[in-house]
Number of protein chains: 2
Amino acid sequence: MTVSSDLALIESRIADAVDRFMALDADDTIEGPCLTISREVARQALVSSEGGKRLRALLALHAFDATDPQGHDDDDAHARGRDAVLDLACAIEVFQTAALVHDDIIDDSDLRRGKPAAHKALGTTSHSASLGRGLGIMLGDLLATASVDIAHAAAQRMPRPDMIVSTFLRMHREVEIGQVLDLAVELSPLDEPERLARESMNVFRWKTASYTTIAPLEFALLASGRDPRRAHADAMAIGLPLGQAFQLADDLLDVIGSSRSTGKPVGGDIREGKRTVLLADAISGADQRQRRTLIDMFSSQSRGDDDVRRCIELFEGTGAIDRSRRRIRALWQGTLHAIGDLRLPPQDERTLTEACMRFIPIIKA
Amino acid sequence: MTVSSDLALIESRIADAVDRFMALDADDTIEGPCLTISREVARQALVSSEGGKRLRALLALHAFDATDPQGHDDDDAHARGRDAVLDLACAIEVFQTAALVHDDIIDDSDLRRGKPAAHKALGTTSHSASLGRGLGIMLGDLLATASVDIAHAAAQRMPRPDMIVSTFLRMHREVEIGQVLDLAVELSPLDEPERLARESMNVFRWKTASYTTIAPLEFALLASGRDPRRAHADAMAIGLPLGQAFQLADDLLDVIGSSRSTGKPVGGDIREGKRTVLLADAISGADQRQRRTLIDMFSSQSRGDDDVRRCIELFEGTGAIDRSRRRIRALWQGTLHAIGDLRLPPQDERTLTEACMRFIPIIKA
């Protein structure tokens, strides 16, 4: 299996599953605006599901390839197991889409993956911004239910289906709590930057690592027949630092990346005034004048293009960008160490390491 | 078991389950605003969970009492089954709370069950209306996940756990689609009132009957060991007309009830300009002048106290209120007929009939 053939499989299976979930029964008698709008929502479910990088699904699949004891047999057992993991992997991606749809409503974002955010698109087709928001909330709810439904069906084809479903629901819960923490961290004062950095790293555990790295690894290990407690401990050891490194790299990319590669304008987090580890590190590393500038900038109602430019210079000048790079490298070492602890055959270790490294392309730089 | 002892059981079990789900691990290192806000959200989860009439949970429990073949034995089997049904019944109530939290954000409602709506309460404690809305969206997501988690755990103690969970997820999906349809029906033109009435009755199937009557009955029948297809058919036959009658009665209560019994101001639906079956029936039964008045009133941006009064008079004068009563009575006959088809012993039939009748106290009038 190549990465590109796996990606094609993932993409088509997500589309099929979402389409099936959103389809109304043929015998239903929905008519008029109800028919039009429910079709628009179903169409938007597909549009919102497209365009992800599918890193989470690939991690689940490739971690399964690397750890399944039948992974080297050419027989049916591994293929059948892989097929169930593939569905579970798609369920994680559908859950991410659900979370992003709600996230974009909360942040009132215009764009997602280079296209209009779901609630904006639905606002356009229904000619009402508030109706678009309402439909967007329901679309997020529907996709969240779809994700559990897909995971539940996949679990029936795996060892210990009850464990798979509980783990999937735990992932839901952690991300949802993570979103609460992510909103709350914005209320953190800026005059204790070391604490802000610590709090932000903790938020990353809940809102990002939970479903980005820990859950995909845990599902792969459960599907490989590992004892559930062992699977959870190993998934945490590898996935927690990896997920935190991924979020740090993502925040870094917002500042040093190009709009083309992220699908978002450069410095979007700065413009929104987001409390990030980068900001905390910049304040920690700033002299008194720089510190004043940063705090004033992030205490004001909004930030323009000049502020964004000045802020990126300060992130550079105070050493915050370097510190984020160092943080990422240290976390990556933790992940490598935990992968080593699995004592996999060298080829499998390489497969797993590559699947993990995809989350932080910045590490090669 | 008396109704009041069942209600006490339901109430305490919901509070325990929600509390457990929202609690952060003791070893977690959340601090600062993250700690404060996440505690507020957990507290609001409990507050929002209080005060329901628990009709759905009672229906599940009492339908189980009436249909469980071991229902008359004094042995442990029925008690164990009933305990699992009780958890499942609580899961339905938690799901309702989740749906109401999102519904109140979509409608921007101030009050729910006589207390501030969740997003408003969270807006007050966090000193920001927009943060309150964001936290409210996440609270709804968390409670929806909690409901599946409670149902999944309960299902492991019942026959065919996979069927129970699939049915629970189908219920989620139907209500979520129902909310989409409920938003869409507001776009229906008023000049085809018979079609509007038909569309509204169809929306009731999705947004109300699905989780209010059909699912509680289906869970009870599944827990009693009925064949899943038979359980679904019977639950539909009894629950669909009952759920539609319940929603009609609820809409009627908005017009003829008192603010004290509903916890909402009289005529709230009229004030919001909601497309209801009552409105459709009023337009159908109106003469040309009344019709013009109603259409003008519901086409304008807002309606004041005088409009509400005039509208209620028109609902009365055009015969719409009588027609709703007749609709409710005809649907109730359908439910009674379907209960009869179960061929239960007389005492059990009475138990089930009483549990169903609680949804439409208006029928006694």
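The legends below describe close-up views of a predicted model.

**View 1. The interface between chain A and chain B.**
In this predicted model, 54 residues of chain A are in contact with 54 residues of chain B. About 4700 Å² is buried between chain A and chain B, and carbon and sulfur atoms give 70% of that area. The rule finds 10 residue pairs in polar contact across the interface of chain A and chain B, both residues being at pLDDT 80 or more. On the side of chain A that touches chain B, the elements that give two or more residues are α1 (3–22), α2 (32–49), α4 (76–107), α6 (129–155), α7 (161–184) and α8 (193–223) of chain A. Of these, α7(A) gives the most, with 13 residues. The residues of this side of chain A divide into 29 nonpolar, 13 polar and 12 charged.

**View 2. Salt bridges between the chains.**
Side chains of opposite charge can pair when their charged atoms come close. Between chain A and chain B the count is 2 salt bridges. One joins A:Glu31 to B:Arg198, with 3.2 Å between the closest N and O atoms. This pair crosses from the loop between α1 and α2 of chain A, where A:Glu31 lies, to helix α8 of chain B, which holds B:Arg198. A:Glu31 is partly exposed, because its relative accessibility is 22%. B:Arg198 also counts as partly exposed, at a relative accessible area of 47%. In another salt bridge, the side chains of B:Glu31 and A:Arg198 meet at 3.2 Å, N to O.

A:Arg170 and A:Glu174 form a salt bridge in which the closest N and O atoms are 3.8 Å apart.

**View 3. A salt bridge between B:Lys120 and B:Asp110.**
The structure holds 58 salt bridges over all chains. In the one formed by B:Lys120 and B:Asp110, the closest N and O atoms are 3.3 Å apart. The pair links distant parts of the chain, 10 residues apart: B:Lys120 belongs to helix α5 (residues 118–125) of chain B, and B:Asp110 to the loop between α4 (76–106) and β1 (111–112) of chain B. B:Lys120 is partly exposed at 27% relative accessibility. B:Asp110, with a relative accessible area of 51%, is exposed, because the cut-off for that class is over 50%.
Elsewhere, A:Arg13, A:Asp83, A:Asp87 and A:Arg157 are joined into one network by salt bridges that share partners.

**View 4. The aromatic pair A:Phe246 and A:Phe359.**
A pair of aromatic rings is described by the distance of the centres and the angle of the planes. Over all chains, a search of the whole structure finds 6 aromatic pairs. The ring centres of A:Phe246 and A:Phe359 are 5.6 Å apart and their planes stand at 90°, so this pair is edge-to-face. A:Phe246 is in helix α9 (residues 228–256) of chain A and A:Phe359 is in the segment after α16 of chain A, so the pair ties together parts 113 residues apart in sequence. A:Phe246 is buried, at 13% relative accessibility. A:Phe359 is likewise buried, with a relative accessibility of 2%.

**View 5. Helix α12 of chain B and its surroundings.**
In helix α12 (residues 277–285) of chain B, 7 of the 9 residues are buried, so this helix is largely enclosed by the rest of the structure. The buried residues of α12(B) are B:Val277, B:Leu278, B:Leu279, B:Ala280, B:Asp281, B:Ala282 and B:Ile283. They pack against α8 (193–223), α9 (228–256), α13 (288–299), α14 (305–317) and α15 (320–341) of chain B.

**View 6. A:Leu344 and its contacts.**
A:Leu344 sits in the loop between α15 (320–341) and α16 (346–357) of chain A. The residue counts as buried because its relative accessible area is 12%. With neighbours within four places in sequence left aside, A:Leu344 is in contact with A:Ala66, A:Thr67, A:Arg226, A:Glu349 and A:Leu352. A:Ala153 is 191 residues away from A:Leu344 in sequence, and the C-alpha to C-alpha distance between the two is 30 Å.

Terms used:
Residues are numbered from 1 along each chain as its sequence is written. Chains are lettered from A and ligands numbered from 1 in the order in which they are written. Side-chain values use heavy atoms; hydrogens and water are left out. Contact means heavy atoms within 4.5 Å. Buried area is the accessible area (1.4 Å probe) that two parts lose on being put together, summed over both. A salt bridge is a side-chain nitrogen of Lys or Arg within 4 Å of a carboxyl oxygen of Asp or Glu. A polar contact is a pair of N or O atoms within 3.5 Å; within protein, one must be able to donate a hydrogen and the other to accept it, and residues adjacent in sequence count only if both atoms are side-chain atoms. Helices (H or I, at least four residues) and strands (E, at least two) are DSSP runs, numbered from the N terminus. Ala, Val, Leu, Ile, Met, Phe, Trp, Tyr, Cys and Pro count as nonpolar, Asp, Glu, Lys and Arg as charged, and the others, Gly among them, as polar. Buried means under 20% relative accessible area, exposed over 50%, partly exposed in between (1.4 Å probe, protein chains only). Rings of Phe, Tyr and Trp (its six-membered ring) pair if their centres lie within 6.5 Å; planes under 30 degrees apart count as stacked, over 60 as edge-to-face and the rest as tilted.
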